Amino acid sequence: MAKEKTIFFCKECGYELSKWQGQCPGCHEWNTLVEAPSGGRGKRTPPAPARGGSAAAGSPPTKINEIETQEECRRETGMKELDRVLGGGIVPGSLILVGGDPGIGKSTLLLQTCRLLAAKKMKVLYVSGEESARQIKMRAERIGSFTDDLYLYSETCMGTILRAVEELSPEVIIVDSIQTVFEEGIDAAPGSVSQVREITGTLLHLAKSRNITIFIVGHVTKEGNVAGPRMLEHMVDTVLYFEGDKTAMYRMLRGVKNRFGSTNEVGVFEMRGRGLAEVPNPSEYMMQGRLENEAGSVVVCTMEGSRPFLIEVQALVCQTSFPMPRRTAVGTDYNRVNLLMAVLEKRLGIRLGDCDAYVNVAGGMRVVEPALDLALVAALFSSHHGRVLGSGTVLFGEVGLVGEVRAVSQAERRVAEAVKTGYDTCILPESNRRSILQAGNLDLSGMKLVGVKHIRELLEYFA
Ligand code: TYD
Ligand code: MG
């Protein structure tokens, strides 16, 4: 019998080789080649992603205008924050990857989604390779009561799972997690890149050929990737990441790729004792516990994708007792803070060279967009001079090296959020102010817009 041939392929780009080498010839990354026994699959076998297209196998090429489209039948899950990220609900026949650190709440999120779908009389199969059916039941009891349309299945063998799907014909399947499921014919451990690639290919085929929506859970590895990173993301229709600071209570569900909707959406949840609660108004949530009229604290309106958030930015500037001043930035870019401090020194003549400076974006969020600049400058100045901005003031804007305040994107949405949350003054780049007034789309009653061109002009608004 001929010896089974071993092939190697790249974890990053999928390039296949018959011999191991340090650098991938495809993407030139180092140490990315892994062994994948071919298991009968020769080099000429089409890669798994291509098999997903076989749903339409047998039909000849068709003129674009002759193809009939039908209204996309999306189904709302009933979990509004999830529906928002998915673009309005789940699309039958789609494959959705939910990635995130272990323990962040992926299983909880999907179990709650299953509960809502089952309540709508959709047949749902939750396959878990991580927990026994009894353990899932225990988690479910914390969440609430379930209808009989949800089936739990603790299984890791793909063939057995497929047989169960055949018998049950569910409309929605959850696979928790892709790293625990294995295909028998493949001589590699579950979670290895070759297994993940194969299993995802099989699930893709299942989703497309039988019009089932499949959610795949994927744990993020130390390097920040879901196993077989690029490959998995290319194969699925939608990629959602569930993230959040372990110490903060809120969790953010971010759409990274979506073939059926915008990718710029984020959903916000809070982990409670009885599962995840939706946070429909994150600005109010983020502002909890803020002390008003304190020097060194300002409120910025930042964007996460297409969603505005009001967040508190804090700075503490004090005389240093070290030979080298200390500077830290939590929740934002350290280098940006240093740069803005240099701008403050040079353009406003404020001496910060012998000061320690600590900057913090409150609430555990990480914000790196340029619109944060003006708030950082204001917070640093406020702390250094012991002067405060009015408690109803929000600000945003990019600051350049000569101290100019530059326009930022989505200014109208930011102002609208400030109006909605009850703020009365918004300091923003002058050019943004002008375009908002020209467009005239916003109801600005009770809101004063203050346009600034240079950070110098900002100083007169401090008390
Ligand atoms: P889990 O959903 O299992 O995370 P993942 O599937 O992403 O690994 O659990 C997340 C954490 O949330 C876990 O440490 C327990 C906690 N938790 C709560 O705080 N409240 C709850 O109601 C539940 C179900 C879990
Ligand atoms: Mg889990």
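Predicted model: local features only at pLDDT ≥ 70, side-chain atom pairs only at ≥ 80, totals over all residues.
**Exercise 1.** In what order do the 9 strands of the open sheet follow one another, and which strands stand at the edges?

*Solution.* 

Step 1. Read across the open sheet, the strands come in the order β6-β5-β7-β8-β4-β9-β10-β11-β12, and their pairing is mixed.

Step 2. The edges are taken by β6 (150-154) and β12 (275-278), each of which has a single partner strand, so that one side of each has no neighbour in the sheet. From one strand to the next, the twist averages 25°.

Step 3. Strand β10 (residues 250-258) is joined to β11 by 5 bridges, and the two run antiparallel; within this region Met252 stands opposite Val268 of β11.

Step 4. Strand β11 (residues 266-272) is in turn joined to β12 by 4 bridges, also in an antiparallel arrangement, and the hairpin that links β11 to β12 passes through 2 residues. Phe269 faces Glu278 of β12, while Arg272 has Gly275 of β12 as its bridge partner.

Step 5. Of the 7 residues of β11, 6 are buried, so this strand is largely enclosed by the rest of the structure.

**Exercise 2.** Which helices lie on the β6 side of the sheet, and at what angles do they run to β6?

*Solution.* 

Step 1. Helix α4 (residues 133-143) lies across β5 (124-128) and β6, and its direction is at about 135° to that of β6.

Step 2. Helix α5 (residues 158-168) packs on the sheet as well, where it touches β5, β6 and β7 (172-176), and its direction makes about 160° with that of β6.

Step 3. Leu162 is a residue of helix α5, and it is partly exposed, with a relative accessible area of 26%. Apart from residues up to four places away in sequence, Leu162 touches Thr202 and Leu206. The C-alpha atoms of Leu162 and Leu203 are separated by 9.2 Å, although the two residues are 41 residues apart along the chain.

**Exercise 3.** Which residues come nearest to ligand 1, and which element gives the most to its shell?

*Solution.* 

Step 1. There are 16 residues around ligand 1, of which Gly103, Ser107, Thr108, Arg272 and Gly275 come nearest.

Step 2. Elements that each supply at least two residues of this shell include α3 (106-119), α4 and β11, and α3 gives the most, with 3 residues.

Step 3. Polar backbone atoms approach oxygen atoms of ligand 1 at 2.5 Å in the case of Gly275, at 2.8 Å in the case of Lys106, and at 3.3 Å in the case of Ile104. Taken alone, ligand 1 exposes 560 Å², of which the protein buries 75%.

**Exercise 4.** Is Thr238 buried or exposed, and with which residues is it in contact?

*Solution.* 

Step 1. Thr238 is part of strand β9 (residues 238-243), and its relative accessible area of 2% makes it buried.

Step 2. When neighbours within four places in sequence are left aside, the contacts of Thr238 are Leu86, Leu95, Ile96, Leu97, Lys257, Asn258, Arg259 and Phe260.

Key:
Residues numbered from 1 in each chain as written. Chains lettered and ligands numbered in written order. Heavy atoms only, no water. Buried < 20%, exposed > 50% of the residue type's maximum accessible area, 1.4 Å probe, protein only. Contact = heavy atoms within 4.5 Å. Pairing = 2+ DSSP bridges. Axes fitted to C-alpha atoms, helices over the stretch in contact; angles between N-to-C directions. Near = heavy atom within 4 Å. Polar contact = N/O pair within 3.5 Å; in protein donor to acceptor, adjacent residues only side chain to side chain. Areas by Shrake-Rupley, 256 points an atom, 1.4 Å probe, with all protein chains shown as cover.
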